[in-house]
Amino acid sequence: MQTEDEDEASCEEYVARSDFTGSSTDQLSFSRGDRLLVHAKPSSEWWWAELQGVIGYVPASYMSQDAAGEEEEDPSIEDPWQDEEYFGNYGTLRLHLEMLSDKSRTEAYRQVILSNSASLSSKRVMDLGCGTGIISLFCAQLARPSMVYAVEASSMAEYTRQLVKQNGYDEVVTVLQGRAEEIELPEQVDVLVSEWMGNCLLFEFMVESVLLARDRWLRNGGTMWPSSAALTFVPCQADSYYAEKMAFWERPYGLDFTPLQPLAQQEFFTKPKFSHIIEPCDCLAAPCDVISFDMYTLQVGDLEEMKGQFHFCVEKSGVFHGFTAWFTVCFESLEAGGATVELNTGPNSGPTHWKQTLFMLDRPVSVCAGDSISGTIVLQRNPVWRRHMTVTLHWTIKGSTDNPDNSQAGTKSFPMWR
């Protein structure tokens, strides 16, 4: 029989790298610097830990091992931007194949260049995070600007140089390898273009590099592409996903596996579901923009926490499983009165590699036409790991006059990391 002392000795002590607010009763809440005893590591994402005699699940990425009695490790020793991993991924073809194969995304940027080709002909352009250089090549091919500075931090930059030369545009396009915060240009530019968007619009926070490049290298009166952005939200049904991950455990092969449902909720519904595809018929109300910003006025400090509100009137009876999010970015014309180009990643537009992002409630709620769902959304950047964030949702359901008993409220936080 294992004694209490032996059991404690088998635990490992970890230090919390940042604050975390548990979104369910079996999750621990803790503050940065707290020391936790990790009893078990049932998955790579969630561990079973103890803090001040209370035991629950904690996100593994928030933990840092630290020998007992030593001071908390200085986070600056680690790379808070995780550049090696981040840029390493963009140094391979897998992500570039996915992005180039996304016709809605790539054609939107091509259309921006094509529709502004006359005005671009004498402009200086920076293409930040150029990848394989497709946007820079569109500029050179369709508009012949005076110069395009194609900036890429990953090792793909060497191949981009080859592609530019192979296509005969090396006199127009100059490839610079380095982070936006470190590169030096010989001059300011008239147009700063970048494809910086991530899941739920901000995830991975490449947008910070764009803002820093804007402040350093975009001339007064210059143009930002995209020029504005918005995050869209809608309450939704997710019957098939719920059945696959939760209802499955009710009677598999005629046996009662319901004791596994709390673990399934913890494993599958605590984080957002990336690459979700929502059918328009699964939207329970008309979508609305919950966060929007102007790329000319947005500041790096604004990224630490962004808040929005929503109010939905349920249009049809159904099961409220959660919320789905997507984004839209707009590209203003260089010409007075010119048409704005829009890239919309929602279910009523052409499919994109971003698809949509699903946030599941812990338990589904039946709603009726006429009910209302209102609340707030908070996107909070991780104070240590700068490409990660937490999405916190607060919502209230109010029943209609025909369904007055259907009123309740809820809160849930979703840590977003890879």
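Author: The side chains of D127 and S136 are joined by a polar contact of 2.7 Å. This is a predicted model, in which local features need pLDDT of at least 70, side-chain atom pairs count only at pLDDT 80 or more, and totals for chains, interfaces and linings use all residues. Residues are numbered from 1 along each chain as its sequence is written, and side-chain values use heavy atoms, leaving out hydrogens and water.

Reader: What makes D127 and S136 a polar contact?

Author: The term needs a pair of N or O atoms within 3.5 Å; within protein, one must be able to donate a hydrogen and the other to accept it, and residues adjacent in sequence count only if both atoms are side-chain atoms. At 2.7 Å, D127 and S136 qualify.

Reader: Why is D127 said to have no salt bridge?

Author: A salt bridge puts a side-chain nitrogen of Lys or Arg within 4 Å of a carboxyl oxygen of Asp or Glu. The nearest side chain of opposite charge to D127 is R105, 8.1 Å away, so there is none.

Reader: Why is C11 called buried?

Author: Buried means under 20% relative accessible area (exposed is over 50%, partly exposed in between; 1.4 Å probe, protein chains only). C11 has 12%, so C11 is buried.

Reader: How do you know that C288 is in no disulfide?

Author: A disulfide is a pair of cysteine sulfur atoms within 2.5 Å. The nearest cysteine sulfur to C288, that of C283, is 11 Å away. By this rule the model has zero disulfides.

Note on methods. Lys and Arg count as positive and Asp and Glu as negative; His and the chain ends are not counted.
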